[in-house]
Amino acid sequence: MTDPHGQQEHAVRLEWGPTGGTAVAAGADVAVVVDVLSFTTTLTVAVERGMAVHPFAWKDERAGEHAADLGAVLAVGRFEEPAAGLPAVSLSAVAMSRVEGVDRIVLPSPNGSAICAALAGSGVAVVGACLRNRTAVAHWLAPRVADGAVVAVVPAGERWPDGSMRPGAEDLWGAGAVVDAMVRLGATGLSLEATHARDAFRAAQATLRDGLLACASGKELVAAGFAEDVEVAAGLDVSDVVPVLGEDGAFRAAR
């Protein structure tokens, strides 16, 4: 008897956060991690600009040590100033779009980045997806799905103050957007969870920008002065970059 929480009878699965992601990635061929505000959006912008991006689960001294070992620049928090002489690399997609002269970064976040780091080395290919590149990701997946690959879509969610996961509308829409594009390219065998996410995206698509600004995560960023980051995240299908996690632990554009 299969575990129903792993959705193992389905070719396209979907579940939330680190624990859910591990469950649906078991036995899958590809895990598509979605963190619209902001890890996978910022990741896509960085990879568009030619950077290798190492996800990291912790924003503490371990992240700094990891960056030093790699000869990489450690991304700081949105409100942090970079160390003297270092570029202003952060989780802000807008800030990332302005970075020059950086080849390799370590990009920590407690949600999307942590999930990617946890799935690294698990035997699944890990892909970063957001609204900006959802159709590009679906095109990359299409021949693999046609050959029988199983895809686990993992909306990252956010965190409550007590550390528990908070599902976010933005990641529901982002994950559903990927599933929607996959179905348009011929994918079948969706779990109920994947189907519902697709339906949620379709319902929100016509007012996606306004929805992102009005959802809890969007309001939080706007109140903190990062409305432009939400605008960047709302750009549907504006990127053809597919960030794929390599054996060296870095995301680079798929070839």
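Trainee: Is serine 217 buried or exposed?
Mentor: This is a predicted model, where local features need pLDDT of at least 70, side-chain atom pairs count only at pLDDT 80 or more, and totals for chains, interfaces and linings use all residues. Residues are numbered from 1 along each chain as its sequence is written, and side-chain values use heavy atoms, with hydrogens and water left out. Buried means under 20% relative accessible area, exposed over 50%, and partly exposed in between (1.4 Å probe, protein chains only). Serine 217 has 3% relative accessibility, so this residue counts as buried.

Trainee: Which side chain makes a polar contact with the side chain of serine 217?
Mentor: A polar contact is a pair of N or O atoms within 3.5 Å; within protein, one must be able to donate a hydrogen and the other to accept it, and residues adjacent in sequence count only if both atoms are side-chain atoms. Serine 217 sits in helix H10, residues 216-223. Here the distance is 2.8 Å, and the partner is glutamate 170.

Trainee: At what angle do H6 and H7 pack?
Mentor: Helices (H or I, at least four residues) and strands (E, at least two) are DSSP runs, numbered from the N terminus. Axes are lines fitted to C-alpha atoms, for helices over the stretch in contact, and angles run from 0 to 180 degrees between N-to-C directions. H6 covers residues 134-146 and H7 covers 169-184; their axes are 8 Å apart, at an angle of about 50°.

Trainee: Which residues in H7 does H6 meet?
Mentor: Contact means heavy atoms within 4.5 Å. From H6 come Arg134, Thr135, Val137, Ala138, Leu141 and Val145. In H7 they meet Ala177, Val178, Asp180, Ala181, Met182 and Arg184.

Trainee: Are H7 and H8 roughly parallel or roughly perpendicular to each other?
Mentor: Angles under 35 degrees count as roughly parallel, over 145 as roughly antiparallel, 65 to 115 as roughly perpendicular and the rest as oblique. H7 and H8 pack at about 100°, with axes 7 Å apart. The two helices are therefore roughly perpendicular.

Trainee: Which residues does arginine 198 contact, leaving aside its neighbours within four places in sequence?
Mentor: Arginine 198 is in helix H8, residues 192-204. The residue is buried, with a relative accessible area of 16%. Its contacts are Gly176, Val179, Asp180 and Val183.

Trainee: What separates the C-alpha atoms of valine 12 and glycine 50?
Mentor: Valine 12 lies in strand S1, residues 12-14. Its relative accessible area is 1%, so valine 12 is buried. Along the chain, valine 12 and glycine 50 are 38 residues apart; their C-alpha atoms are separated by 30 Å.

Trainee: And what separates the C-alpha atoms of phenylalanine 251 and leucine 43?
Mentor: Phenylalanine 251 is in strand S11, residues 251-253. The residue counts as buried at 0% relative accessibility. Phenylalanine 251 and leucine 43 are 208 residues apart along the chain, and the C-alpha separation is 8.2 Å.

Trainee: Where is serine 38, and what is omega for the peptide bond from leucine 37?
Mentor: Serine 38 lies in the loop between strand S2 (30-34) and helix H2 (39-48). The peptide bond from leucine 37 to serine 38 is cis, with omega near 25°.

Trainee: What is the phi of aspartate 237?
Mentor: Aspartate 237 is in the loop between helix H11 (227-233) and strand S10 (243-245). At 35% relative accessibility, this residue counts as partly exposed. Aspartate 237 is a residue other than glycine with a positive phi, near 60°.
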